[in-house]
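This briefing covers one protein chain, with its points grouped by topic. The sequence and the structure come first, and the reading follows.

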Amino acid sequence: QGDQPMEDIEGMEEVFATLSAMKTEVELMRRPLGTFESPARTCKELMMVQTNNKDGDYWIDPNQGCHRDSVKVYCNFTADGETCLYPDKRIEMVKLAAWNKETPGSWYSQFRKGKQFSYVDSDGNPVDVVQMTFLKLLSATAKQDFTYTCQNSAGWFDKASDSYQHALRFRGSNDEELTQAKSPFISVVYDGCQSRKGQERTVLEIDSPSAEILPIMDIAASDFGNSNQKFGFQVGRVCFNG
């Protein structure tokens with residue numbers, strides 16, 4: 001019986017240690033650090049609890065399960081806490097080509113060497129579908145840039161015909177088709193391809209009022225197939241907010 005108090009003390013120490021660990025865990029959930037062990041749900045949430053963080057790579061866990069499936073993303077605190085993901089390296093930049101065997105107006109994913117777009121985290125790892133879905137649910141808006149590189153080819157406005165007959169079409173991640181006529185949230189940053197002369201580029205920004213539309217998964221170009229016409233493109237990172 002003389003040993004009983006010592007056992008009680010050891011038992012209490014174990015209880016206190018467990019409570020302390022739980023308290024630390026709860027505190028990290030309330031005030032996440034943006035590390036692998038202490039991820040926030042989004043960059044916006046991280047910005048609200050860690051007000052002095054600089055733009056850069058941080059860990060998030062939108063579905064708030066075990067932190068082992070956390071995703072390293074780029075947090076743009078300068079832009080009010082945007083959570084940004086990157087296009088897969090294989091489709092991030094597609095070089096200028098004539099695409100002679102392809103049909104103008106068809107989706108890039110249907111090209112012989114084409115594919116649907118996919119997205120990765122800051123380390124180049126594929127982003128889990130569940131995490132992407134939760135990130136969209138936690139976000140109100142999303143935006144993404146797209147650059148069309150051209151040789152004698154229009155990608156948005158066609159100056160010669162004074163029309164948008166050759167404007168690119170995009171397919172969103174919810175399968176919605178985005179076009180110049182139907183999607184007023186697509187704006188022109190720079191449109192050097194409109195003259196259809198020489199090598200130039202056209203830069204578009206898709207500033208979607210709904211997070212579920214982005215990222216873009218496919219594009220369709222129509223102004224190619226004639227001699228000396230080429231096009232390529234560069235897919236920008238997608239950023240969620242709200």
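Is Cys75 buried or exposed? In this predicted model, Cys75 is buried, with a relative accessible area of 0%.

**Overall architecture**

- The chain contains four helices and twelve strands, and of its 242 residues 43% are buried.
- Among the contacts in the chain with a separation of 6 or more, 67% are made by residues 24 or more positions apart.
- The chain exposes about 13,200 Å², of which carbon and sulfur atoms supply 50%.

**Disulfides**

- Three disulfides are found in a search of the whole structure, and when the bonded cysteines are numbered in sequence order the pairing reads 1-2, 3-6, 4-5.
- Cys43 belongs to helix α2 (residues 43–49) and Cys75 to strand β2, so the bond ties together parts that are 32 residues apart in sequence.
- The sulfur atoms of Cys84 and Cys239 lie 2.1 Å apart in a disulfide, which is right-handed, with 110° about the S-S bond. This pair links distant parts of the chain, with Cys84 in strand β3 and Cys239 in strand β12, 155 residues apart, and both cysteines are buried.
- Cys150 and Cys193 form a disulfide with their sulfur atoms 2.0 Å apart, and this link is left-handed, with -100° about the S-S bond. Since Cys150 lies in strand β6 (residues 141–151) and Cys193 in the loop between β9 (186–191) and β10 (199–208), the pair ties together parts that are 43 residues apart in sequence.
- Cys150 counts as buried at 1% relative accessibility, and Cys193 is also buried, with a relative accessible area of 1%.
- Cys66, by comparison, counts as partly exposed, at 42% relative accessibility.

**Aromatic rings and charges over them**

- The whole structure holds 17 aromatic pairs, one of which is the edge-to-face pair of Tyr58 and Phe77, at 5.4 Å centre to centre and with 65° between the planes. It links distant parts of the chain, since Tyr58 is in strand β1 (residues 56–60) and Phe77 in the loop between β2 (71–76) and β3 (82–87), 19 residues apart.
- Tyr58 is buried, with a relative accessible area of 14%, and Phe77 is buried as well, at 10%.
- Ring pairs also link a cluster made up of Trp99, Tyr108, Phe111, Phe117, Phe146, Tyr148, Phe170, Phe224, Phe231 and Phe233.
- Arg169 lies over the face of Trp107, at 4.8 Å from the ring centre, and the charged end of Arg171 also sits over the ring of Trp107, 4.9 Å from its centre.

**A buried glutamine in a loop**

- Gln229 is found in the loop between β11 (218–220) and β12 (230–241), and at 4% relative accessibility it counts as buried.
- The side chain of Gln229 reaches two backbone atoms, namely the oxygen of Asn152 at 2.9 Å and the nitrogen of Asn226 at 3.1 Å.
- Leaving aside residues up to four places away in sequence, Gln229 touches several residues, including Ala97, Ala98, Gln151, Asn152, Arg196 and Phe224; Phe224 is also a member of the ring cluster.

Terms used. Residues are numbered from 1 along each chain as its sequence is written. This is a predicted model: local features need pLDDT of at least 70, side-chain atom pairs count only at pLDDT 80 or more; totals for chains, interfaces and linings use all residues. Side-chain values use heavy atoms; hydrogens and water are left out. Rings of Phe, Tyr and Trp (its six-membered ring) pair if their centres lie within 6.5 Å; planes under 30 degrees apart count as stacked, over 60 as edge-to-face and the rest as tilted. Helices (H or I, at least four residues) and strands (E, at least two) are DSSP runs, numbered from the N terminus. Buried means under 20% relative accessible area, exposed over 50%, partly exposed in between (1.4 Å probe, protein chains only). A charge sits over a ring if NZ of Lys or CZ of Arg is within 6 Å of the ring centre and within 35 degrees of the ring normal. A polar contact is a pair of N or O atoms within 3.5 Å; within protein, one must be able to donate a hydrogen and the other to accept it, and residues adjacent in sequence count only if both atoms are side-chain atoms. Contact means heavy atoms within 4.5 Å. Accessible areas come from the Shrake-Rupley method with a 1.4 Å probe; for residues, only the protein chains shown count as cover. A disulfide is a pair of cysteine sulfur atoms within 2.5 Å.
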